[in-house]
Each structure stands twice: as C-alpha cells, then as structure tokens.
Amino acid sequence: MALRQNYSVWKFTWDHRVPTRMPQGARILSAQVQHGRVQLWALVDTEAPVVQRNVVPYGTGHPLPNGDPGKFVGTVQLDDGALVLHLFDQGES
C-alpha cells in the first residue's frame with residue numbers, strides 16, 4: 001500500500017512518568033538517546049487524532065510482569081551505559 005502525502009516521520013521525547021502523545025496508529029520505528037534524552041521516532045499520519053501511547057521500560061535482569069510486555073521498541077543506554085532500558089510499546093490508551 002502506498003503512503004498518502006499526509007504521512008511523515010516525527011520525533012517524540014519519551015518520559016517514563018507520562019504516556020507519550022502521538023497521532024493514532026503511529027508506527028514506532030526506533031528509540032535512541034539524543035542530547036541525553038530518550039527519543040522515539042515514529043511514522044505518523046499527520047492528520048490523525050492525537051492519542052496517548054504507553055511505552056514502558058524494563059531494566060536488564062529485572063523481572064517482567066506476567067503476560068506480554070508489548071511490542072519491543074528498542075534498547076537505550078543512559079548515564080554512559082550505567083542504566084540500560086528496554087522499551088516496549090503497550091499500545092494506545
């Protein structure tokens with residue numbers, strides 16, 4: 001399926017304390033640290049309504065809750081690698 005002209009890749013700053021607001025149906029492409037902050041890049045329909053997206057972190061070796069943690073988004077390293085987080089997308093709320 002060809003993408004309509006209203007699709008674009010946007011960047012979102014991730015904050016573990018609050019859901020990330022992004023257009024409905026956005027496809028998260030990657031997670032990386034940029035300038036000391038975790039960023040998510042997503043393919044979005046620029047005309048879609050904005051919803052809350054739940055992206056949750058799990059540390060290396062930490063137990064995961066029962067069940068599926070969601071779709072893996074990426075691994076990021078903070079504090080010069082002292083903190084490694086694995087991010088999972090639990091969908092829209």
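Two residues are in contact when they have heavy atoms within 4.5 Å of each other. The model is a predicted one, where local features need pLDDT of at least 70, side-chain atom pairs count only at pLDDT 80 or more, and totals for chains, interfaces and linings use all residues. Residues are numbered from 1 along each chain as its sequence is written, and side-chain values use heavy atoms, with hydrogens and water left out.

Take Ser30 to begin with. Leaving aside residues up to four places away in sequence, Ser30 touches Gln39, Leu40, Trp41 and Val73. Ser30 sits in strand β3, which covers residues 27-34; strands here are DSSP runs of E, at least two residues long, numbered from the N terminus. With a relative accessible area of 18%, Ser30 is buried, a label that means under 20% relative accessible area (1.4 Å probe, protein chains only). The side chains of Ser30 and Gln32 are joined by a polar contact of 3.4 Å. That term stands for a pair of N or O atoms within 3.5 Å; within protein, one must be able to donate a hydrogen and the other to accept it, and residues adjacent in sequence count only if both atoms are side-chain atoms.

Now for the whole chain. The protein chain has seven strands and zero helices (a helix would be a DSSP run of H or I, at least four residues). Of its 93 residues, 35% are buried. Among contacts with a separation of 6 or more, 64% link residues 24 or more positions apart. As for extent, the C-alpha atoms fill a box of roughly 40 × 35 × 25 Å, taken along the principal axes.

Key
Buried < 20%, exposed > 50% of the residue type's maximum accessible area, 1.4 Å probe, protein only.
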